[in-house]
Amino acid sequence: MAMSQLVEHVLPKLPYAYDALEPFIDKQTVELHHDKHHAAYVTGLNNAEKNLAKARQDNDFTHVQFWSRQFAFHGGGVFLHNLYWNSMAPVSEGGGSEPAGDLMDMINEDFGGVDSFKAHFNAAAKAVEASGWCALSYRPEHDRLCILQIENHQKLTPWGNDPIFVLDMWEHAFYLKYQNRKDEYINAWWNVVNFENALNNLNMMRQNRG
Ligand code: MN
């Protein structure tokens, strides 16, 4: 049986300098987070895909459950980290601004305003158990936004939604600077959020909805 032609995933370049989010997100955290943690998910995804291809080639699916889980975990990690870096921007490049355009309209409609959206998002982020994420997500089926908690990189995630903006709540995202003070990390993060990118993501998804 022929091996499928796999194109390896590569770690995308960080869209700004390691220290560009200071003082809110510190340089050392960004450097470790991108170069070590994010990179490990890219390696893990490539490894899972290679092993699933090998299983097909050998027609030996003994470990298909293990590699399927690895694929979901690392694939989720790669997707969410790519989105995380683009969910932030240096203050000099518009980080920390408020939502605009259709994103603002939908936040008003679906959450009753920016303040209640942020209150909901903050509470959901803070309450993420152990390692996980908080996401603002778009549901094409209903043309609606929702806030999700994501456990690890792939659990508690309903089908039919696409995150447009995420906050990493794994300890590696904040522990060096904020230790157990999740509130401080979340509050600091709002100073560098990139709602322009979230709006672009939303517009693209709504256009694809047809
Ligand atoms: Mn992370």
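These are my notebook entries on a few spots I looked up in this predicted model.

**Before helix 1.** I started at Pro 23, which sits in the segment ahead of helix 1. The peptide bond between Glu 22 and Pro 23 is cis, with omega at about 0°.

**Helix 1 and helix 2.** Next I checked how helix 1 (residues 27-58) packs with helix 2 (residues 64-86). I noted an angle of about 145° and axes 8 Å apart. I put the crossing down as left-handed. The residues in this contact split into 14 nonpolar, 13 polar and one charged.

**Two asparagines.** I then looked at Asn 59, in the loop between helix 1 and helix 2. Its phi is near 50°, a positive value in a residue that isn't glycine. Asn 152 also isn't a glycine, and its phi is positive at about 55°. I found Asn 152 in the loop between strand 2 and strand 3. Which of them is buried and which exposed? Asn 59 is exposed, with a relative accessible area of 56%, while Asn 152 is buried at 19%, since the cut-off for buried is under 20%.

**Helix 4.** I asked myself what span the 13 residues of helix 4 (residues 114-126) should have. I listed its buried residues as Val 114, Phe 117, Lys 118, Phe 121, Ala 124 and Ala 125. Looking down the axis, I saw them fall within an arc of 135°, so they line one face of helix 4. Their packing partners include helix 3 (101-111), strand 1 (132-139) and helix 7 (195-209).

Technical notes. Residues are numbered from 1 along each chain as its sequence is written. This is a predicted model: local features need pLDDT of at least 70, side-chain atom pairs count only at pLDDT 80 or more; totals for chains, interfaces and linings use all residues. Side-chain values use heavy atoms; hydrogens and water are left out. Helices (H or I, at least four residues) and strands (E, at least two) are DSSP runs, numbered from the N terminus. The expected span of a helix is 1.5 Å times one less than its number of residues. Buried means under 20% relative accessible area, exposed over 50%, partly exposed in between (1.4 Å probe, protein chains only). The arc is that of the directions from the helix axis to the C-beta atoms. Contact means heavy atoms within 4.5 Å. Axes are lines fitted to C-alpha atoms, for helices over the stretch in contact, and angles run from 0 to 180 degrees between N-to-C directions. A crossing is left-handed if the near helix is turned anticlockwise from the far one by less than a right angle, and right-handed if clockwise. Ala, Val, Leu, Ile, Met, Phe, Trp, Tyr, Cys and Pro count as nonpolar, Asp, Glu, Lys and Arg as charged, and the others, Gly among them, as polar.
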